[in-house]
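Here's a quick tour of how two chains meet. Have the model open while you read.

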Protein chains: 2
Amino acid sequence: MTTTEPFRLTASEAQSQFRAGTLTVQDYARSLLSRVASRDSTVNAWAYLDPELVLARARELDQIPPEKRGPLHGVAIGVKDVILTKDMPTQYNSPIYVDDKPEVDAGSILTLRTNGALIFGKTTTTEFAATTMGPSHKGPKTGNPHDPSRTPGGSSSGSGAAVGDFQVPIALGTQTVGSTIRPGSFNGIYAMKPTWNSISREGQKLYSLIFDTLGLYSRSVDDLKLLLDAFQLVDDQPVPPEPFTVKGAKFALLTYPTPEWPEPGPGTAAALKKGAELLRAHGAEVEEITLGEEFLPMYKYHLQVLAGDGRIAFLPDYYFAKDKLDPLLLGHVHNAGKHTRKDQLRAFDELAAMRPKMDALADKYDAIIGPSALDEAPVGHSSTGSAAFCGPATAMHIPVVNIPGFKGENGLPIGLSAMSSRYRDQHLLRVSREVGKIFENEGGWKSAL
Amino acid sequence: MTTTEPFRLTASEAQSQFRAGTLTVQDYARSLLSRVASRDSTVNAWAYLDPELVLARARELDQIPPEKRGPLHGVAIGVKDVILTKDMPTQYNSPIYVDDKPEVDAGSILTLRTNGALIFGKTTTTEFAATTMGPSHKGPKTGNPHDPSRTPGGSSSGSGAAVGDFQVPIALGTQTVGSTIRPGSFNGIYAMKPTWNSISREGQKLYSLIFDTLGLYSRSVDDLKLLLDAFQLVDDQPVPPEPFTVKGAKFALLTYPTPEWPEPGPGTAAALKKGAELLRAHGAEVEEITLGEEFLPMYKYHLQVLAGDGRIAFLPDYYFAKDKLDPLLLGHVHNAGKHTRKDQLRAFDELAAMRPKMDALADKYDAIIGPSALDEAPVGHSSTGSAAFCGPATAMHIPVVNIPGFKGENGLPIGLSAMSSRYRDQHLLRVSREVGKIFENEGGWKSAL
């Protein structure tokens, strides 16, 4: 009998072993650290990782008597380096914040820690999670674990890569346009952007108040469920929730209208086709839809609001050290796009007016299935890829899960996005569990292998 | 000839003296500190104040050569103790955070410091700026400087009181319902809540993403202008901006419909009447208006969204130390109001839909003049007073300035709110300057005496 190396376990599987007494958090942490040690020079997913600190925390967790352990006991979590952690630096991949170490936990981190999680290290990010140039600015570039010559996506580059490479079972990202879902697709893992403002963003670098959302990575839906429960995301639902089966379910297969959005590449087009076929083969109804007239300016408005928000968000850093800011961020502060307040407000208000309409559209289906990324992860590290297909869920505040399961022309992973209306996060997770089983079993890519 | 003691100067007046070489920042700081020393046991406005630190920073500022001094050189600023300051603790008036000192500046603080401001100390607040019980939990209650048996209002209690008492010329507050404007009225000073999300909220304790706004206190419009310029608030306006004169201007005099809002008390009712008379006497047109049908659920929706947001914002603190949270905040986390997600979303979306309508209403006038508070500051410290009249500007994201100038039946100050549409902050300031001259000269209360 061969035993799975602990680093390959999902967090939920590791927890089963902690409960059974067949694995300690320290041994688990050692296994993860050995995986990191063997792979770090290839993937470069970490902005900060102190093995001694990890082992010390693991020891503390092992010393907690079983009856006092939290629901996330021993769950190892990588944290995108734009989220404050009391015991580690937060550097934002910015030359301004090298080795900066505010002694405070973000709200999300405090919730995770108090529930027993093992905060493992800080993962690489593009500058302030706001540029598209692959990290890091000061060291080797983060590589896609499935082909290090390619980008893992961004801006949550290290979180996506570390989970995809079994260096940690769970990681936190953020999403302002497509920074969580795109790396989910590129690294072949589950990625979730919950409903906007359903998890505290306190202590998470600000780019846009109305778009920024904490993102979650894992290699299993069970692990996402652990997190949603700790963050107390509850739907308006009967308890226990309604069961969900693909058989008899109704899905929309969404493609985005051009030229407002780009055309999907061949890999994504094939994944959409295959995904619909699989769902139909399992007894679901799949209706092909696109976004109607009323939604067409959505992406343009999204980028307009973002420009206005970036102007505000980066002003303090600009005053502090404008010579160390990326030109894109300088452009925000200088209002290089010459956006008027009137244009900004129209964009802000029109997006707000679209949200209940998008909910109404989503509520006609068990979930909307759409593309997560243009195609496989592109070659190179100078761009983290297009976020266009991830924008709508962000702008509309709706929850979205990247479900892995497909492969592109070069054998790299491609995922599809499942979306529902706002605050149906737990429902969406139930749908994603069942859809994920089908996609991973029959689509050609498995997240956990 | 008597010389004004430096602590009585506005920040702009102090700056004139710095430029003329007739006052150093150190001497100015000593004067402010002496005022604090003589008044602190009566007013109790400070949660943290280290005279040595203030004097050390003042010395550093004096050493900067004149040509390298920032636009806010030597401007002394009190900071509400829910905003992170790198060199001082941030305690939120919460037993959880006693002596807590994250080594990081909020975005607003970084902007002020890099422009030359003297960050003076931390001012008292209600717990997390989210309860209505007068601070502090661990020491004497903050008193209204004009009658210490009365509340200075809240949640920005210490900021309003310190500026009203000449202990500091400028202070920062925050507003989620009425936490900046109400203390402005109660302490007889200028208070401004700029357009929502026009100044970075990074590092400012989160209660509600969609409502929380940084607030500004001063005893002169010139001082507010200094701050707006440092924060780069610019309107869509020709430069130089249009001049503004009360003669020929058009104002709305707004009263809120009952029973959705309360009736103003006698002092506020008299101030509204007198304010309208004064504006008319100076050649303005004043149209009496109330909010129409479409705005009636505004305050109900505001409180619904707030409950949902509080549920998210205080969850981390709840996990960390639920026994140390105020019952109001526990109620948020427990969803004591049993708000459904559907209700929350309807409230969120309906408020969003009202915003362009409120802009359109405001744009019919040079400014809307309305009540800031129910009446004079109430007696006692167990309640910081009703925020009902401040809610609309917060919910609608529009800028509002409390203009002092009136007195109530007990001789305590009463201000009125001037409001315009979103992102007309500089316009509103020009209007407030002219209106403020009239109210302060002829209304019965002067902020700077």
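## The A–B interface

Chain A and chain B bury about 4500 Å² between them, with carbon and sulfur atoms giving 59% of that area; buried area is the accessible area (1.4 Å probe) that two parts lose on being put together, summed over both. Leu209(A), Tyr319(A) and Arg341(A) supply 15% of what chain A buries against chain B, more than any other three residues.

A word on the ground rules: this is a predicted model, where local features need pLDDT of at least 70, side-chain atom pairs count only at pLDDT 80 or more, and totals for chains, interfaces and linings use all residues. Residues are numbered from 1 along each chain as its sequence is written, chains are lettered from A and ligands numbered from 1 in the order in which they are written, and side-chain values use heavy atoms, with hydrogens and water left out.

Counting contacts (heavy atoms within 4.5 Å), chain A puts in 54 residues and chain B 54 residues. The rule also finds four salt bridges across the interface, each a side-chain nitrogen of Lys or Arg within 4 Å of a carboxyl oxygen of Asp or Glu. One of them pairs Asp349(A) with Arg422(B), whose closest N and O atoms are 2.6 Å apart.

## Cysteines

No disulfides turn up over all chains, taking a disulfide as a pair of cysteine sulfur atoms within 2.5 Å.

| Residue | Relative accessible area |
|---|---|
| Cys390(A) | 3% |
| Cys390(B) | 4% |

Note on methods: Buried means under 20% relative accessible area, exposed over 50%, partly exposed in between (1.4 Å probe, protein chains only).
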